[in-house]
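User: Hi! Could you walk me through this two-chain model in plain words? I'd like to start where the chains meet.

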Amino acid sequence: MSSAGAPAERETLLEVEHVKAHFPIKQGWLGGRTVGQVHAVDDMTFTLREGETLGLVGESGCGKTTLARTVMRLIEPTAGTIRFRGRDVSHSRRRELTVLRREMQMVFQDPNASLNPRKRVGQIVGMALRLHGTRGADADRRVRELLQRVGLSPEHVNRFPHEFSGGQRQRIGVARALAVDPKLIVLDEPVSALDVSIQAQIINLLDDLQHDLGLSYLFVAHDLSVVRHVSDRIAVMYLGKLMEIAPAQELYTKPIHPYTAALLEAIPIPEPRENASRRRSVVAGEPPNPIAPPPGCVFHPRCPHATDVCRTVQPPLAGYANGHLAACHHPRSVSSREIAAAVRDPASPLSAGEALPTADGV
Amino acid sequence: MGRPDPILEVRDLEVCFVTDEGIVHAVDGVSFDLCAGEILAVVGESGCGKSVTAMTLLGLTRSPNARVGGAATYKGVDLLGCSDEQLQRIRGAEIALISQESIGALNPVQRIGGQIIEQIRAHEDVPKRAARERAIELLERAGMPRARERADAYPHELSGGMRQRVMIAMALSCDPSILIADEPTTALDVTIQAQILERFRELRMRTGAALILVTHDLGVVADIADRVAVMYAGRIVEQGSLEDIFYDPQHPYTWGLLGAIARIDRPRRARLPTIPGLAPSLSERPAGCHLRPRCPHAFHRCDQVPPLQSRLAGAPAHLDRCWLEVERKRTLREVAPGTIGLHGPDGAEPAKGAA
C-alpha cells in the first residue's frame, strides 16, 4: 500500500532477529515433565519499515499468528531479539509494554470474538483511550471521530457489537486499534471471515488509513490474493520458518522456493479459460508436525525437487536481486547466473548450512 | 442445447422461517435443473440462501417454524412432499451431503471407520466385516493415506483436510447420484483444497454423480463448475454456463462479485471495486429487485421484481433477473470499472470474449 518514496529510503520500524517461539509439551503428574517442544516459530528474521506493509503468509499451523503475537509481545520470544524503533523489547516488562502498545496495535481475525458483546461500541473504542490517559469529553469526541474515520456513523457509539454486520464489526476493531495513534498495526487475518464484497471495502479502508496516517502494517493472512493486493513485501512461512521473502509483485511472477510456487499454483484463478490453461501441480501430503520437524529443509517431504542434501542440510537464506531471499537448495525461476551471484543472507537461521545453491541442477 | 433429462428439478422453491423478529424469507422462487454428471455451483455471499436451498432438498429444514413451498423432484419423487421414511431412504443413499464443518458433522466419540460402516449398513444389508472393507476402500478413494490404520482414528486425531476426506468417503458410501457439498473446502488450506477438488473431478468421471457445490469462492467455481447459479437475498439473480457467467455476465450483482475479487494473476489495482452498502436483512428485503438500493444502474422499473428469464438471443439457458436492456448492460459493464467487474489492471482491459 506504499505511496511516497521507495521503502528502502524510509526508517526501519521493526526488527525481528532470529526469533523463536517454542512451547513446551508437559506430561506427568501436574505437568512436571517437559517431553518436547512445539516449534511454532523457529528462527525468523525480518524487518519492517515505516509506512510499509509486510504480508506474512502460510498455511494453517505454520506459525504466522504466533509470530504476530510475539511481535505484539503477547508472547515472550524463547530466543532472539525484537526491536521496535531501535529499542529492544524482546523481554520488556509490563510498564514498558504499556508504552509499547501505544505505538503498536492489533486487529484480530474474528470480530465476534474480539469485541466484548456486553460493551457498547463507545466503551470498546474508548477503553484504549482511557488506558492511555484520555478521558471525559475529549475521549468522547475522539471516539466519534474514530468511528467516522473508519466509515461508521458517530451516532453508533451506544450500540452493541451484535447490532452490526461482520464488516462493520471489523471496522470497530480497526477503530479501536487506531485509538492510540499507533505506528504499527498487526492485522491477523483481518478479512478472512468476511464476504468478498465486504473484504474489498475493508481493504480499501486499510489502504486509505495507511495513506493518510502513515501507518505500517504487518498483514497476516492465508489468502495470497488478498496479500498481493495490500503488501509491499511478502514473507512466506512454513512450519515456523521463513521460506521466502520478496517484493510483492516479484513473489507472484518469480517464486523461487518450490513451496511458494506450490501455494500459487494451488489457488484457482477466478476465470475459467485462464484457469484451465494454467499448469497446476497438486502438492501431495500435509504439513508435518511442528513437534518433530523433519531434518534438513522442512519442506522436503512434500517437495517434488527434493534431493539428499535437502534431507540433511537446512538451506540458508540465499539473497538474490531486489532483496529477494529464499531458503532452498534447488531454487526455481532463477538463471544460473543469478544463482552464482547469490549471497548467504545474514537473516539465515543460525542452524542453517553454509552452502549456497549451485547452478548444476538448473 | 443438447442437455440430457435432469435428475433433479427444482421449481419455485420457497423457504420462510417464522421467527420472533418476523418472517425470514430465506429462499424465494429458486428454480434449477441438475443433470447427471453435472457440477452446478450455487454462489453468493453469506445469508443469500444458498445453504438453505441445499438443506431443503435433503429435508433438513423440515421444522414447525419453516414454511416450504414450490417443488423439488428427484427421479419422480417429490422431495418436499414425501414422507420422512421415504426421504430417509433417499438421503445418504441417493443424495448425500458434505457439510462445511467436518468437526461438527462427525461423531467425536466414535472411530471414523465405525461411522462409515454405520452409514453403509443403514442403507444396505451387508455383514460388518464386508462393510469395514468397503469403508477402508472408500477412505482410500477419498485420498486418505494409510486408510486401514486411520479407520481406527477418532475425528479429533485427524487434520481438517483428513476429516473432510472422511466426509467424502461417507458421502460416497452408497454411490449417490447427487452430492451436495456445502462450502467443502472453505476451512481448508489452498494446497489441501486443490487435492479435494481433484477428488471431486475424479468422482464425477468415475461414477457420473452430479454435484451441487455451494460456495462463495469464485476461484473454486471457475476451477470445477459446469453451470453457475448466482444468488442474492434469497433469489437466483443469474444462472448460466460457466462461460456465460464469467465472460458475459448479465446481472450487476454478478459484475460486482467478479470485480471485488483480489486476484493473484493480476498486478495490484489502485483500489478494489466494491459493491456499496450491505446485503438486506432477509426479514425486510426491499420491494422489487433486491439489489436496487445498492445498484448504481437502478431505474424506475426496478420497483418491480424482474422475472428470471433469458434475455439473450441464442442463449436460452442463460437466465437473469435484471430489467436493463442487454445492449445497455454491455456498455455499462465496459465503461464503469469502479463498480463492475471484468476489468484488468486499472479497468483498462475488458475481459476477453466479453463482447
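**Where the chains meet**

Analyst: Happy to! In helix 10 of chain A, A:A262, A:L263 and A:A266 meet B:V190, B:T191, B:Q193 and B:A194, which sit in helix 8 of chain B. Contact here is when two residues have their C-beta atoms, placed from the backbone, within 7 Å, and helices (H or I, at least four residues) and strands (E, at least two) are DSSP runs, numbered from the N terminus. This is a predicted model, where local features need pLDDT of at least 70, side-chain atom pairs count only at pLDDT 80 or more, and totals for chains, interfaces and linings use all residues. Residues are numbered from 1 along each chain as its sequence is written, while chains are lettered from A and ligands numbered from 1 in the order in which they are written.

User: At what angle do helix 10 of chain A and helix 8 of chain B cross?

Analyst: Roughly 50 degrees, and their axes come within 8 Å. Axes are lines fitted to C-alpha atoms, for helices over the stretch in contact, with angles from 0 to 180 degrees between N-to-C directions. The two helices are therefore oblique to each other; under 35 degrees would count as roughly parallel, over 145 as roughly antiparallel, 65 to 115 as roughly perpendicular, and the rest is oblique.

User: How many residues does each chain put into the whole contact?

Analyst: Chain A gives 33 residues and chain B gives 37 residues. On the side of chain A that touches chain B, helix 7 of chain A supplies the largest share, six residues. By class, that side of chain A divides into 17 nonpolar, ten polar and six charged.

User: Back to helix 10 of chain A: how many of its nine residues are buried?

Analyst: Seven of the nine, so helix 10 of chain A is largely enclosed by the rest of the structure. Buried means 20 or more other C-beta atoms within 10 Å of a residue's own, exposed means 12 or fewer, and partly exposed is in between, with C-beta atoms placed from the backbone. A:P258, A:Y259 and A:L264 are among the buried ones. The cover includes strand 9 (233-238) of chain A and helix 8 of chain B.

User: Which residues of chain A have pLDDT under 50?

Analyst: Residues 1-7 of chain A stay under 50; pLDDT is the predictor's confidence in each residue, from 0 to 100. Where pLDDT is low, the predicted coordinates should not be read in detail. Chain A as a whole averages 90, with 96% of the residues at 70 or above.

User: New topic, chain B loops. Is B:D175 buried or exposed?

Analyst: B:D175 is exposed, because it has 12 other C-beta atoms within 10 Å. Its loop runs between helix 7 (160-172) and strand 7 (178-182) of chain B, and its phi is near 50 degrees, a positive value in a residue other than glycine.

User: And what about B:A233, buried or exposed?

Analyst: B:A233 is buried, with 23 other C-beta atoms within 10 Å. B:A233 also has a positive phi, about 45 degrees, although it is not a glycine.

Notes:
Ala, Val, Leu, Ile, Met, Phe, Trp, Tyr, Cys and Pro count as nonpolar, Asp, Glu, Lys and Arg as charged, and the others, Gly among them, as polar.
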